[in-house]
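Subject: Structure handover

Hello,

Here is the structure I promised to pass on. Please open it and keep it beside this message while you read.

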Amino acid sequence: MLQPANRLTLIDAMRPPAGFSFESAMAVTYTLDLRALLAAPAALALTGSGHPDDTGTDDTTGKTGRGRTRYESIELIHALRAHAGRMTVFSQVGEIALAPSRRAFAFLERTVLPVSAPRGGIVHPKVWVIRYETAGDPADRQAVEQRLRVLIASRNLTFDASWDTMVRLDETTGPGGTTLRPVGELFTALLSRCAVDVPADHLVRVQSLAAAFQDALFALPAGVDDLKVHVLGLEPKPSPLPSAAERSLIISPFVSDTFFTRAHPSRIDELVSSPEWLDRLEKDSLARVGKAHAFDDGSATDIDSQGDKRSPFDPGRPLVGLHAKVFAFEDKGRARLYLGSANATGPAFGSNVEILVELTGPIDVLGIDRLCQGSDDEPGLRDLFYEYRRSCIDDGPSGEPPIDGWRQVIARLPLEGRVTGSSDGWAVTYRTTEPMPETNDVTIHCWPLTVAGNRRQVAPGRPLEERFETSLENLSGFLAFELTHTDGELSRFVVPVPLSGVPEQRDRELLKSLIGSAERFFRYLMALLEEDAGESSVINTVERMSGGDQEEGDGPVSLPVLERLLRTMRREPGKLAELHPLVSDLADDDALPPGFAELWEMIHQVATTDGPAQ
């Protein structure tokens with residue numbers, strides 16, 4: 001079941017059911033990479049509506065393969081602007097990684113809501129709830145069918161190259177099915193744990209999606225007889241793991257003694273974890289384990305060898321190797337499998353907010369051997385286990401270093417940004433209502449995410465008040481921080497900042513700057529109309545579209561573009577019909593080259609009236 005050759009990307013899991021398109025979504029993640037979030041609304045908007053190609057590009061590797069889809073940058077820019085506003089993403093306070101400057105991040109500013117756990121731990125689930133709907137008359141909502149999809153994973157919203165699990169559950173209208181009401185209750189609870197005031201549109205969206213779980217039933221995965229969802233950490237409750245079983249296996253990258261003393265004081269037959277965390281266990285804890293294994297897929301690298309001074313807990317530090325969390329039990333011919341976000345630690349079953357999906361079924365479907373064994377054709381997960389041998393090392397402190405504690409303090413400070421005009425364009429003043437911490441051995445710098453070169457050292461012990469001159473398209477609702485310890489250790493992170501005074505024309509100017517010059521727009525259009533255009537992945541295209549490279553020049557419609565439009569009008573009028581909503585929206589935003597909107601209307605009218613030439 002958990003075969004190394006089985007790979008599913010988040011973008012694959014987001015693809016809508018046949019005949020449906022994206023309506024809205026809410027998600028929760030521990031760490032967040034804004035580049036990954038940049039790709040999500042584009043993927044949600046364009047899955048199923050891109051240009052099918054038998055030799056399209058893999059979303060994660062860039063390699064080609066059958067059944068993939070190619071996308072052009074201009075489509076993704078438009079989709080990002082149109083659909084980012086339909087998403088609510090909760091992220092643990094202080095765990096947004098510093099990403100390279102991208103102007104397109106502006107479309108995500110109102111998407112992210114930082115949250116904290118009610119019992120002193122962390123908000124650690126990794127869940128997506130997506131609602132799709134069929135096309136219909138917007139005035140007749142009863143004619144529109146809606147359907148939910150839930151993704152429960154161990155993967156954060158990042159580009160980590162790690163081994164993770166994902167459970168995909170689709171709403172069903174057929175007989176049977178199971179309820180997932182705890183998922184809706186999780187998101188309702190997160191609304192009250194936000195570090196900022198929740199905007200009205202997020203409140204309405206989350207409450208609407210959460211309410212949909214009251215009556216929705218979800219199809220069980222093949223071979224699963226029963227399914228339950230356990231949300232931990234919102235209130236005190238006992239561990240959902242069985243206290244005894246005939247056979248047991250736990251896979252967890254992080255382990256702690258408190259798991260064996262508080263959460264699960266029972267013997268475990270097999271434990272798979274990272275050797276550095278197994279080294280931290282007391283001998284009494286290891287005595288409760290029959291066999292301890294470490295995990296090696298060949299991906300482990302010494303990132304410090306490249307001079308990486310980031311804290312081990314920095315949100316931008318990449319994860320490799322094992323990151324899946326699996327609790328598997330067999331008893332009386334039945335198997336119980338728990339997948340989700342919780343590690344085998346005391347906080348995971350105590351103070352943290354976590355989620356686990358409990359799957360029950362026959363051993364030959366969900367059992368430990370079925371889970372880990374390979375076949376004659378391909379290796380299994382167990383082939384990557386090796387016997388753990390305790391290292392003779394002096395165990396260091398297991399908690400976060402002080403620099404990461406300061407990161408949490410700063411990320412929790414109430415922040416606001418005020419946009420005003422200036423002699424050179426625009427300015428943003430970022431303020432806190434409370435003083436910055438007295439950090440002693442740690443130096444603090446900050447800058448707007450869109451202008452990485454404009455760093456300012458922050459004075460400790462008094463409220464932050466920094467004014468940055470900028471252009472309209474470079475206004476940023478994300479403030480980046482860098483903490484530097486005297487020993488050279490770094491921690492970099494981003495904090496969402498509500499902006500006031502933002503001029504109405506900002507989105508329009510941003511869209512125009514991302515599309516670029518007339519020549520650039522026409523190249524995109526030529527690629528859209530080209531029968532054999534080159535393929536590109538969603539993620540690679542998002543990176544390309546948001547990199548800020550602009551070509552100079554502006555001018556009227558060129559002859560090659562006109563020829564291509566006329567040829568498409570005669571041969572493939574349906575292609576023009578597909579592009580018409582995109583071009584119309586760009587025209588409404590005054591983002592098209594001079595004269596093109598009028599030309600397009602004439603050609604589109606002829607194409608839709610006359611049909612293809614015989």
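Below is what turned up, going from the whole chain down to single residues.

**The chain as a whole**

Please keep in mind that this is a predicted model. The chain has 614 residues, and 53% of them count as buried. It holds 17 helices and 28 strands.

Start with the largest nonpolar core, which has 57 residues. Six of them have the most contacts inside it: Leu34, Leu37, Met87, Trp128, Ile130 and Leu565. Which helix gives the most to this core? That is helix 2, residues 34-46, with 6 residues.

Beyond its neighbours within four places in sequence, Leu37 is in contact with Leu32, Met87, Val89, Leu108, Thr111, Val112 and Leu157.

Another core lies apart from the largest one. This other core has 52 residues, including Val129, Val183, Phe213 and Leu384.

Thr29 sits in strand 1, residues 20-29. Is Thr29 buried or exposed? Its relative accessibility is 2%, so Thr29 counts as buried. A polar atom of the Thr29 side chain lies 2.7 Å from the backbone oxygen of Thr31. A polar atom of that side chain also lies 3.0 Å from the backbone nitrogen of Leu157. Not counting residues up to four places away in sequence, Thr29 touches Val89, Phe90, Ser91, Gln92, Val123, Pro125, Asn156 and Leu157.

His323 lies in the loop between strand 16 (320-322) and strand 17 (326-331). This residue is in a loop, yet His323 is buried, with a relative accessible area of 5%. What does the side chain of His323 reach? It comes to the backbone oxygen of Ser154, at 3.1 Å. With neighbours within four places in sequence set aside, His323 is in contact with Ser154, Arg155, Asn156, Ser162, Trp163, Asp164 and Pro253.

Leu10 is in helix 1, residues 10-14. Its relative accessibility is 24%, so Leu10 counts as partly exposed. Leu10 and Met166 are 156 residues apart in sequence. In space, their C-alpha atoms are 8.9 Å apart. Leaving aside neighbours within four places in sequence, Leu10 is in contact with Trp128, Leu151, Leu157 and Met166. You have met Trp128 already, among the residues with the most contacts inside the largest core.

Now try Glu185, in helix 4, residues 181-191. Glu185 is partly exposed, with a relative accessible area of 48%. How many residues separate Glu185 and Val231 in sequence? They are 46 residues apart, and 8.7 Å apart in space, C-alpha to C-alpha.

Most residues other than glycine have a negative phi. Two residues here are worth checking against that.

- Lys332 is not a glycine, but has a positive phi of about 55 degrees. Lys332 lies in the loop between strand 17 and strand 18 (334-340). Lys332 is exposed, with a relative accessible area of 70%.
- Asn440 is not a glycine either, and has a positive phi of about 55 degrees. Asn440 lies in the loop between strand 22 (425-435) and strand 23 (442-448). Its relative accessibility is 72%, so Asn440 counts as exposed.

**Cavities**

Last comes the empty space. Rolling a probe the size of a water molecule over the atoms shows where such space is left. The count comes to 5 cavities of 30 Å³ or more. The largest cavity has a volume of about 80 Å³.

Which residues line the largest cavity? They are Pro114, Ala195, Val196, Ala411, Arg412, Leu413, Pro414, Leu415, Val495, Pro496 and Pro498. This lining divides into 10 nonpolar residues, no polar ones and 1 charged.

Best wishes

Definitions and conventions. Residues are numbered from 1 along each chain as its sequence is written. Side-chain values use heavy atoms; hydrogens and water are left out. A nonpolar core is a set of buried Ala, Val, Leu, Ile, Met, Phe, Trp, Tyr and Cys residues joined through side-chain atoms within 4.5 Å. Buried means under 20% relative accessible area, exposed over 50%, partly exposed in between (1.4 Å probe, protein chains only). Helices (H or I, at least four residues) and strands (E, at least two) are DSSP runs, numbered from the N terminus. Contact means heavy atoms within 4.5 Å. A polar contact is a pair of N or O atoms within 3.5 Å; within protein, one must be able to donate a hydrogen and the other to accept it, and residues adjacent in sequence count only if both atoms are side-chain atoms. On a 1 Å grid over the protein atoms alone, a cavity is a set of points where a 1.4 Å probe fits but cannot get out, and a pocket is an open set with protein on both sides within 12 Å along at least five of seven lines; lining residues have an atom within 4 Å of a point. Grid points are joined across faces, edges and corners, and a volume is the space filled by probe spheres set on the points. Ala, Val, Leu, Ile, Met, Phe, Trp, Tyr, Cys and Pro count as nonpolar, Asp, Glu, Lys and Arg as charged, and the others, Gly among them, as polar.
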